[in-house]
Amino acid sequence: MPPSRSGRREAQHDGNAVRGVDAVARSDAAIRATAAELIGLSHSIHDEPELAFEETRSVAKTMAPLAERGFEIESGVADLPTAFRARYGSGSLTVGLCAEYDALPEIGHACGHNIIAAAAVGAALGLAEVADALDLTVLVFGTPAEESGGGKVLMLERGVFDDVAMAMMVHPGPLDIVGARSLALADVSVVFHGREAHASAAPEQGRNAGDAVTVAQVALGLLRQHLLPGQQLHGIVGDGGVAPNIVPGRAELLYYLRAVDSASLDDLTRRASACFEAGALATGCTHEIRTLAPTYTELTPDPELLLAYREQLTGLGRVPLAPEFEAQRPLGSTDMGNVTNVIPGIHPVIGIDAGGAVTHQPGFAAASVNASADRAVLDGALALARTAIAVARDDIHRDRLLQRLVQRQEDIR
């Protein structure tokens, strides 16, 4: 049985060195003892990339080392076949570690989610070693479809994170960034409906949905001059017609709209929608806008957890980007933003040597299994586990997180 709260406080006052240094040493040793297995997990996920909500092999690989070491596994949580929740311990402070494992079309693990999954598993194995001594419950969340689909948003909405006091993960990138920032994101499809006709014999009978796409994209291009700082829009033509001699009766745009926060995203969505409408109006077509995935909110990392993580990361010999420069480097968008808007959490970037490549480039996919990526798996696991240990040992931070959890659960009820 885990110690009572009064027993925990007494242990802190009477045996702080044992609970501190010894806990870190035991956790570190557990992680390093599984280094070959963790790196093997990272490489195995990388070797068989799977797209959003189809990560059947990757999720099985990620669950296996946890199940072998006594974690209780719930698979298919939140009605998502490739989501899971793994639990170890029964302490009062519940630490959640998020594992991602989906890949990108054609370029595979060019965002390094194989590293994320392996680091989360490693941190969990380290914390399981000291869970009873530190009055912890360790949870690992297998979160599908981060690249497109918003697995964490669906899991959050369906109550999978309801008992979590703090949530953490690490994401690979070219630099170590502790207080990583992201942009809010809307993922939309715009379908234009016109009327087919023979493009030569009777073009006057047609209403060209492809032309509606062209007009809309010209309008969006002109809008870019007047966007607010941090607002972005970018997309592709998903469907432009079927043959040159048929006036397109259907065409589709697939667009991402991004902004520094949700309010700015709402503004951008309104202005972009006017451009889509202009394309339809100018060509005599109709149009419909659909949201393809849950909206991602911006990251709001917990300041105290950031301080704890920065200390642990620098203790491993890494030199992260200075805090004053972090906001200048937004990292695209992530559904972890939605989690950090509800639960105290962090989403730092762990640096790898990508030879100048950045995420979502083939070169970054290749770098995600090099020697520096393997170090990132271990350093990420060690830094996350040490951060949780530091918080668990500090009554002020621990009680703050527990009070936040109680308030959130009351709000849910």
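**Notebook: rings, helices and sheets**

I began with F71, which counts as buried at 5% relative accessibility. Buried means under 20% relative accessible area, exposed over 50%, and partly exposed in between (1.4 Å probe, protein chains only).

I noted the ground rules next. This is a predicted model, where local features need pLDDT of at least 70, side-chain atom pairs count only at pLDDT 80 or more, and totals for chains, interfaces and linings use all residues. Residues are numbered from 1 along each chain as its sequence is written, and side-chain values use heavy atoms, with hydrogens and water left out.

**Entry 1: aromatic pairs**

I looked up the aromatic pairs and found 3 in the structure. Rings of Phe, Tyr and Trp (its six-membered ring) pair if their centres lie within 6.5 Å; planes under 30 degrees apart are stacked, over 60 edge-to-face, and the rest tilted. F71 and Y88 form a tilted pair, because their ring centres are 5.2 Å apart and their planes stand at 45°. This pair links distant parts of the chain, 17 residues apart. F71 sits in the loop between α4 (56–68) and β1 (72–75), and Y88 in strand β2 (residues 84–88). I noted how such elements are named: helices (H or I, at least four residues) and strands (E, at least two) are DSSP runs, numbered from the N terminus. Y88 is partly exposed, with a relative accessible area of 26%.

I then took Y255 and F276. Their ring centres are 6.2 Å apart with planes at 65°, so the pair is edge-to-face. Y255 belongs to strand β9 (residues 250–259) and F276 to helix α8, so the pair ties together parts 21 residues apart in sequence. Both Y255 and F276 are buried.

**Entry 2: C275 and the helix packing**

I stayed on helix α8 (residues 262–283), which also holds C275. C275 counts as buried, at 8% relative accessibility. What does C275 touch beyond its neighbours within four places in sequence? I found A216, A219, L220 and L223 in contact with C275; contact means heavy atoms within 4.5 Å. The C-alpha atoms of C275 and A219 are 5.4 Å apart, across 56 residues of chain.

I checked the helix pair. Helix α7 (residues 209–223) packs with α8 at about 145°, with the axes 8 Å apart. Axes are lines fitted to C-alpha atoms, for helices over the stretch in contact, and angles run from 0 to 180 degrees between N-to-C directions. Residues making the contact include V215 and A219 of α7, and C275 and F276 of α8.

**Entry 3: strand β9**

I asked how β9 sits. In β9, 7 of the 10 residues are buried, so the strand is largely enclosed by the rest of the structure. Strand β7 (residues 184–193) pairs with β9 in the antiparallel sense over 10 bridges; strands pair if DSSP finds at least two bridges between them. D187 stands opposite Y256 of β9. Strand β8 (residues 232–239) also runs antiparallel to β9, joined by 7 bridges.

**Entry 4: the open sheet**

I read off an open sheet of 6 strands in the order β1-β2-β4-β3-β5-β11, with mixed pairing. β1 and β11 (345–346) are at the edges with a single partner strand each, so one side of each lacks a neighbour in the sheet. Strand β3 (residues 93–99) and strand β5 (residues 166–168) pair in the parallel sense over 3 bridges. V95 is opposite M166 in β5. Helix α13 (residues 371–393) lies across β3, β4 (136–142) and β5, at about 165° to β5.
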